Structures are given as structure tokens and as C-alpha cells.
Protein chains: 4
Amino acid sequence: MAQGSYNGRLSNVPDEGDEFRFSSDMSLEEVRDLQNKFCRERQWGQFHAPRNVLLAMVGEVGELSELFQWKGEVQRGLPEFSSEEKVQVGEEMADVLIYLCDLAEQCKIDLPQAVRDKFQKNAQKYPSGRVFGRSNKYNDYTEYKEEQAPVTLNRSREREEADGSE
Amino acid sequence: MAQGSYNGRLSNVPDEGDEFRFSSDMSLEEVRDLQNKFCRERQWGQFHAPRNVLLAMVGEVGELSELFQWKGEVQRGLPEFSSEEKVQVGEEMADVLIYLCDLAEQCKIDLPQAVRDKFQKNAQKYPSGRVFGRSNKYNDYTEYKEEQAPVTLNRSREREEADGSE
Amino acid sequence: MAQGSYNGRLSNVPDEGDEFRFSSDMSLEEVRDLQNKFCRERQWGQFHAPRNVLLAMVGEVGELSELFQWKGEVQRGLPEFSSEEKVQVGEEMADVLIYLCDLAEQCKIDLPQAVRDKFQKNAQKYPSGRVFGRSNKYNDYTEYKEEQAPVTLNRSREREEADGSE
Amino acid sequence: MAQGSYNGRLSNVPDEGDEFRFSSDMSLEEVRDLQNKFCRERQWGQFHAPRNVLLAMVGEVGELSELFQWKGEVQRGLPEFSSEEKVQVGEEMADVLIYLCDLAEQCKIDLPQAVRDKFQKNAQKYPSGRVFGRSNKYNDYTEYKEEQAPVTLNRSREREEADGSE
């Protein structure tokens with residue numbers, strides 16, 4: 001696991017601080033509205049049944065994954081990618097986001113509220129004091145087993161550590 | 001294909017007009033910043049290598065799919081789902097979005113700009129005049145074949161129709 | 001939920017009996033061996049690191065999903081698909097299987113044994129006597145909640161019903 | 001790209017030769033038949049509509065991905081995984097395979113024949129003579145661009161290199 005955890009780390013990224021930020025304040029509502037208008041102008045809304053849009057999103061996630069599939073470990077900022085590949089990564093990420101907002105609309109799920117609720121839930125579940133520096137949460141599997149019985153829970157708990165998802 | 005296209009339609013949804021909107025104007029930058037802070041407070045950023053976060057997002061897309069897997073066709077607004085299931089759908093959508101913004105940060109991709117560029121590209125590619133009402137674009141496969149030779153392009157083109165993705 | 005479960009049903013498929021079978025007895029080992037030879041002849045094995053192959057498989061699952069994305073509910077045997085689309089479905093399924101066997105080899109996982117162990121586990125977990133006809137296991141969410149506390153378990157349990165996966 | 005391709009390589013795996021093989025000759029038909037019987041005994045077949053099974057498979061691919069999500073680069077044979085994690089990897093792989101064979105049955109796709117057709121197609125498309133040692137096919141993106149125009153084709157072509165998928 002030691003090597004595994006080492007591989008898991010971003011050696012070139014200090015954990016504290018980060019200068020990167022998105023350029024604008026585009027809202028989730030803007031993305032939803034842009035896609036809604038785009039489809040309505042083309043009378044495509046009739047085809048956007050929830051499971052149709054969900055499968056379309058799965059397709060875009062597959063396209064995004066293809067851009068990373070033969071790269072081996074990739075460093076932050078994608079230094080291994082050509083400028084053209086980086087444009088493609090942005091396009092596939094945009095497609096995933098567009099379909100996710102579309103799916104939320106079809107399901108009548110208030111995505112911004114869902115995000116707020118999720119972070120609140122995560123903060124209660126993983127008080128930074130308790131888990132601070134417990135990086136082994138990400139890789140020391142056996143500790144989980146001892147701590148929280150069922151294997152499936154351990155796995156989801158491991159995943160939850162990343163963002164406290166339920 | 002006729003039946004296929006009929007199945008593909010949302011019989012209970014008029015194509016024009018739509019009252020639904022997200023409740024707030026939460027921005028993509030807010031989501032990125034919330035996740036960045038959440039992980040930094042827990043020193044988890046060191047584990048968020050691009051492919052780690054990508055696989056975490058794939059995991060969340062899988063969890064979202066599980067909520068739809070035995071439902072058969074689902075109607076708009078998820079009338080078939082319990083209130084508890086709807087909460088879960090929102091949580092899994094939130095997880096996908098959180099990891100997508102996290103991935104964009106790790107890749108240093110400006111997601112809002114990528115979305116704008118994508119819609120601009122789509123608008124040029126699919127002028128509403130040309131494709132208006134051409135719903136068969138979504139299901140008449142043979143027409144595609146005649147129009148645009150390579151099969152892989154046909155498929156992506158079919159998918160592109162939904163949001164003009166490349 | 002009633003309608004949801006009705007939608008979930010294949011109205012045109014009797015539950016008991018099924019004539020369909022695969023034409024040959026191609027083994028998993030043959031698939032693994034064919035892919036191993038194919039890659040070795042081209043010196044591609046060096047690129048088939050486990051996570052590379054995993055992401056390639058995710059890409060193929062995305063391509064398979066794209067073939068179903070605008071179809072709405074699909075009937076058994078894909079009557080809504082053109083013969084050309086059916087060929088594509090077969091090709092994408094083949095790609096998923098080829099990469100899955102490749103991934104099992106890279107991970108040195110004995111896939112046939114894993115399948116046997118899984119079915120044995122499932123048989124113990126879901127004795128046909130207990131669950132026979134309890135179709136609501138597929139859609140009655142609330143029953144789960146009362147039965148087995150944690151929500152994540154409910155979801156996986158619902159999924160497990162399909163094949164008893166852990 | 002140099003570093004990218006280096007990362008992409010399995011430094012500890014010689015390209016030629018490979019001792020690993022699956023322990024048995026379990027056939028795809030056996031997997032299909034085991035799942036068909038398992039579901040029929042429980043009257044679950046009625047819920048296995050094609051898109052239901054497809055989404056269930058996507059869910060299992062997500063669970064498999066979760067097992068690799070915080071690992072960073074993983075070495076062949078999974079030395080970084082605990083024995084318990086390796087069992088889980090096998091279980092999730094089994095779930096993906098079981099649903100894939102189930103999906104093929106629901107779609108009435110002859111999976112073994114599809115695999116044979118695919119390898120034949122790949123062999124014609126990528127004669128080992130032409131591509132032997134052209135490892136850059138996996139990572140030299142610009143070469144693709146010059147060679148085969150459309151970007152989407154480049155991406156799929158890159159993917160195709162792995163198994164010649166269409």
C-alpha cells in the first residue's frame with residue numbers, strides 16, 4: 001500500500017494553497033438555460049427523456065475517459081497533453097456538464113441546492129479535525145475493515161473521503 | 001425506427017416552453033472553490049491526481065445509473081421515484097458535478113469558457129433553421145449513413161445533435 | 001412505483017423459458033489469449049497498464065451507451081434498431097469484453113473463478129425460495145429501507161437482486 | 001508526450017511472452033446460461049429490459065472504477081492491493097461480465113461471433129507489419145492529426161489501436 005499511496009500522491013502539488021480558479025462566474029442555471037434554449041430551438045426536448053439524457057452523459061464520460069486512457073499517470077495541468085488534446089478535454093468536460101444540467105432539469109432536481117446539501121452533509125460527517133492528515137483514509141484498506149465492518153461500506157466510505165458523498 | 005422514435009419521445013412534455021429553473025445562481029467557480037477548500041482542510045488534495053479524480057467521477061456516474069437501472073422508462077420529474085430516491089438522485093448528481101469541477105481544476109481547464117466555446121461551436125454546426133423539427137436526426141440511422149459516410153461519425157453526430165458536442 | 005415497476009417489465013417476454021443461446025462455446029480464456037496475442041504481435045502490451053485498460057473499457061461502455069441513448073425504452077431483440085446498428089451493438093459489446101479480459105490479465109485476476117465464486121455467493125444470499133416472485137425487490141424502495149437500514153446498502157442490495165453482486 | 005508515453009508504459013512488464021492464463025475454459029455461453037437460470041429461478045427476467053441491464057452494467061463498471069480511484073498508477077498484478085481488495089476487483093469484474101452476457105441475451109446479440117468478427121476486422125485494419133513497434137500510435141497525437149484528418153476519428157483511432165475496435 002505504501003507504494004500505492006505514493007503513486008496516489010501528486011508529488012508536484014503542495015496540498016496547501018492553490019492559485020487556479022475558473023475565469024468567470026457562469027452559474028449552473030446559465031448552463032441549464034443555454035441547453036434548454038438550444039434544444040427547444042431545434043425541437044429536441046421531446047427526445048430528452050431522463051434515461052436518454054443519462055445514457056448520453058455516460059457516453060460523454062466515456063469520451064472523456066478515452067482522452068486519458070493511454071496516458072499512464074497524468075500530472076496536474078496535463079503537461080503530457082498537446083494543446084489540441086487539452087481543447088478536447090475541455091469539450092468533453094463541457095459535454096458531461098451540459099448533459100448533467102439537462103438531466104437535472106428532466107428530473108426536476110435543484111442541482112445547486114443538492115450541492116449545498118451535500119457539502120453540509122460531508123462537513124458534518126468528516127470534521128476536518130478528526131480526519132486532518134489522515135491520508136491513509138485514501139489507501140489503508142485494512143484500517144477501514146477494522147473500523148467499519150461491511151466491505152461495501154468501506155469502499156463507499158473510502159470514496160466518501162474525497163467529497164463526503166453518501 | 002418509428003416505434004423507436006416514439007419510445008424516445010416524452011409524450012407528457014410539450015417541446016416548447018418550460019417553467020423549471022434552478023433555485024439559485026450557484027456558479028461553477030463556487031463548486032470548484034467549495035471542493036478545493038473541503039479537500040485542503042483535510043489535506044486530501046495530494047490524492048487528487050487527474051486520473052484519480054476521473055475514476056472517482058466514473059464511480060459516481062455508476063451510482064447515479066444504479067438509481068435508474070430497474071425503472072424502465074422514467075417520466076419527467078421522476079413520478080416513479082420515492083422522495084427518498086429523489087434525494088439520492090440529487091446527491092449522486094452533486095457528486096458527479098463536484099468531481100467534474102475538481103477534475104477541471106486538476107487539469108487546469110477553464111470549465112465555464114469550455115462550455116461557452118462548446119455552445120458557440122454547436123450553434124454554428126447546427127443552425128436551428130436547418131435542423132428545426134428534424135427529429136429523425138435522433139433516430140433515423142440510415143439517413144445518417146447516406147449523409148455522412150463513416151459509421152463512427154454517424155454515431156457521434158447522432159450524439160452531437162443533443163448538444164452539438166464534437 | 002406501480003407504473004415504475006410496470007415500465008420496468010418486459011411485457012413481451014415470458015419470465016419462464018428462453019430459447020436464445022450463444023452460437024459457440026468460445027471461452028473467456030480464448031478471448032484473453034486472442035487479445036494478448038493481438039497486442040503482443042504489435043508490441044502494444046507495454047501500454048496496457050491496469051488503469052489504462054480500465055479507462056479504455058470505460059470508453060467502450062460509453063460507446064455502447066451511445067447506441068442506446070436516444071431510443072427510449074428498447075424491446076428485447078432490438079426491433080427498433082437497424083441491422084447496421086445491431087452490428088455496432090455487437091462490436092461495442094465485443095470491445096467491452098475484450099478490454100475486460102485484458103484488464104483481468106493485467107490484474108492477474110482469474111475471471112472464470114471469480115464468476116463461479118460470485119454465483120455461489122449470490123445463490124447463498126438469495127435463495128430462490130425466499131425471493132421467488134418478490135419482484136418488488138426491484139422497485140419497492142421503502143420496503144428496503146425498513147428492512148436493511150443504511151441507504152447505500154439498500155441501493156446495492158437492489159442492484160444485487162439482479163445477480164447477487166456484493 | 002515523451003513523459004506521457006513513458007508514464008503509459010509498464011516498466012516492469014516485458015512486451016513479449018506472458019505466463020498468465022485463466023484457470024478454466026468457462027465459456028461465454030456458460031456465463032449467459034448461469035445468469036439466465038439464476039434470474040429465471042427468481043422470476044427476475046421480467047425486469048431485465050435491455051436498457052435496465054445496460055444501466056446495471058454501467059453501475060458495476062462504476063464500482064470497479066472505485067476500487068482503482070485513489071491508487072495512482074497501479075502495477076501489473078496489483079501489488080498495491082490487499083488480498084481483500086483483489087477479491088473485490090474479481091467480484092466487480094464478474095458483475096460486469098455477468099451483466100454484459102445478460103445484455104447480449106436481451107439484445108439477442110451473439111457475443112462470441114461478435115468477438116470473432118471484431119478480431120478479424122482488427123487484424124485487417126492493423127496488420128502487425130505496419131504497426132509493429134509504432135508505440136507512438138498510443139501517444140503521439142499530432143502524427144494522427146496529420147495522418148487522418150478528423151479529430152474525433154483520431155481519438156477513436158487511438159482507442160482502436162488497443163484492440164482495433166471500430
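Let's start with Q43(B), which is partly exposed, at a relative accessible area of 27%. For that term, buried means under 20% relative accessible area, exposed means over 50%, and partly exposed lies in between, using a 1.4 Å probe and protein chains only.

Some ground rules. This is a predicted model, where local features need pLDDT of at least 70 and side-chain atom pairs count only at pLDDT 80 or more, while totals for chains, interfaces and linings use all residues. Residues are numbered from 1 along each chain as its sequence is written, chains are lettered from A and ligands numbered from 1 in the order in which they are written, and side-chain values use heavy atoms, with hydrogens and water left out.

Back to Q43(B). It has a positive phi of about 55°, yet it is not a glycine. Where is Q43(B) found? In the loop between helix 2 (28-41) and helix 3 of chain B. Helices here are DSSP runs of H or I, at least four residues, numbered from the N terminus.

Now chain C. Q43(C) has a positive phi too, near 50°, and is a residue other than glycine. Its place is the loop between helix 2 (28-41) and helix 3 of chain C. Q43(C) counts as partly exposed, at 27% relative accessibility.

Next, the inside. The largest nonpolar core has 161 residues. Such a core is a set of buried Ala, Val, Leu, Ile, Met, Phe, Trp, Tyr and Cys residues joined through side-chain atoms within 4.5 Å. Which residues have the most contacts inside it? F68(A), F68(B), F68(C) and F68(D).

Take F68(B). Among the residues it touches are L54(A), V74(B) and L55(D). Contact means heavy atoms within 4.5 Å.

On to rings. There are 24 aromatic pairs over all chains. Rings of Phe, Tyr and Trp (its six-membered ring) pair if their centres lie within 6.5 Å; planes under 30 degrees apart are stacked, over 60 edge-to-face, the rest tilted. Y99(A) and W70(C) make a tilted pair, 6.3 Å centre to centre, with 50° between the planes. Y99(A) lies in helix 4 of chain A and W70(C) in a loop of chain C, so the pair joins two chains. Y99(A) is buried, at 0%. W70(C) is buried as well, at 2% relative accessibility.

F68(B) returns here. It forms a tilted pair with F81(B), 5.2 Å centre to centre, 55° between the planes. Both F68(B) and F81(B) are buried.

How values were computed. Lists of a residue's contacts leave out its neighbours within four places in sequence.
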